[in-house]
Amino acid sequence: MDAELLILRGTVGPLMIGHGAGKLFGAFNAGYGVQGTAGYLESLGFRPGKPWAYLHGAAELAAGVGVTAGLLTPVAGAGLIGVMAAAARTAHAGKGPWVTNGGWEFPLTLGAVGAALAFKGPGKYSLDRLLGIDLSGPRWGFGALALGLGSAVATLAVRRTPTPEPTPADPTAQPTDIGAETPSGPAS
């Protein structure tokens with residue numbers, strides 16, 4: 001089981017590092033840096049966007065590092081659960097389950113990986129093991145779930161109403177000027 005956990009951590013962790021680095025630095029073509037991320041987060045109701053961009057990017061980056069290294073695994077798992085639950089309820093909400101439609105399939109899967117690692121632990125090929133840290137089992141798993149979901153709930157609670165997307169103008173509508181003729185006669 002240790003090799004399997006290493007494969008799982010070695011896949012999901014670096015992907016999360018990439019997501020975080022994209023949000024913070026525009027790295028790996030995985031995001032638009034802090035400025036671009038701030039604008040996007042503001043459209044989702046996270047205002048002001050810049051502090052939220054730093055927070056979201058740092059949470060993803062730190063969770064990815066922790067998962068990859070197998071360091072403080074329940075804390076890293078909680079980070080993964082938290083950022084992915086918030087993403088599922090904001091950026092992916094209302095789009096159905098499938099990622100091909102922008103849905104919540106991908107964040108749900110990553111959050112489940114974070115929870116599974118918090119319960120099972122990182123395995124023997126990890127910094128937790130090397131340092132003699134044993135933070136696995138039901139108590140740590142449920143703690144990670146509570147911390148991750150709690151952080152998502154808190155994040156969503158302070159979020160403001162999202163900015164609605166602009167609707168395209170009706171191409172058949174005619175501009176009206178004060179005093180212009182209308183089908184019913186002069187404007188009043």
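The entries below go from the overall layout to the helices, the cores, the pocket and a few backbone details.

**Entry 1: the layout**

I began by reminding myself that this is a predicted model. I then listed the secondary structure and found seven helices and two strands in the chain. Read from the N terminus, the order is α-α-α-α-α-α-α-β-β. The chain has 188 residues, and 37% of them count as buried. I also looked at contacts with a separation of 6 or more, and 62% of these join residues 24 or more positions apart.

**Entry 2: α1**

At 1.5 Å a residue, its 24 residues should span 34 Å, and the end C-alpha atoms are 33 Å apart, so the two agree.

Next I asked which residues of α1 are buried. My list reads Leu5, Arg9, Val12, Gly13, Met16, Gly18, Gly20, Ala21, Gly22, Lys23 and Leu24. Arg9 and Lys23 are on that list, and I noted them as charged residues that count as buried.

The spacing within the list made me recall some helix geometry. An α-helix has 3.6 residues a turn, so residues three or four places apart point the same way. Back in the model, Leu5, Arg9, Val12 and Met16 are among the buried residues of α1.

**Entry 3: the nonpolar cores**

I turned to the largest nonpolar core and got eleven residues: Leu5, Val12, Met16, Val67, Ala76, Leu80, Val83, Met84, Leu110, Val113 and Leu117. Which elements give two or more residues to it? They are α1 (2-25), α4 (73-89) and α5 (105-120). The most comes from α4, with four residues.

Leaving aside residues up to four places away in sequence, Val113 touches Leu8 and Val12. Apart from this core there is another, of nine residues, including Leu24, Val34, Ala38 and Ala91.

**Entry 4: the largest pocket**

The largest pocket came out at a volume of about 500 Å³. I counted 25 residues in its lining, and Lys23, Tyr40, Glu60, Ala91 and His92 lie nearest its centre. The elements giving two or more residues to this lining are α1, α2 (33-43), α3 (49-69), α4 and α5. By residue type, the lining divides into 13 nonpolar, nine polar and three charged.

Two names turned up again here. Lys23, near the pocket centre, is one of the buried residues of α1.

I finished with the loops. Just after α1, Gly26 takes a positive phi of about 75°. In the loop between α1 and α2 sits Phe28, where phi is near 60°, a positive value in a residue other than glycine. Is Phe28 buried or exposed? Its relative accessibility is 64%, so Phe28 counts as exposed.

Leu72, in the loop between α3 and α4, is another residue other than glycine with a positive phi, near 50°. Leu72 has a relative accessible area of 39%, so I put it down as partly exposed.

My last stop was the loop between α2 and α3, where Pro48 is found. The peptide bond from Arg47 to Pro48 is cis, with omega near -5°.

Note on methods
Residues numbered from 1 in each chain as written. Predicted model: local features only at pLDDT ≥ 70, side-chain atom pairs only at ≥ 80, totals over all residues. Heavy atoms only, no water. Core = buried A, V, L, I, M, F, W, Y, C linked by side-chain atoms within 4.5 Å. Buried < 20%, exposed > 50% of the residue type's maximum accessible area, 1.4 Å probe, protein only. Contact = heavy atoms within 4.5 Å. 1 Å grid on protein atoms, 1.4 Å probe; cavity = no way out; pocket = protein on both sides within 12 Å on 5 of 7 lines; lining within 4 Å. Points joined across faces, edges and corners; volume = space filled by probe spheres on them. Expected span 1.5 Å × (residues − 1).
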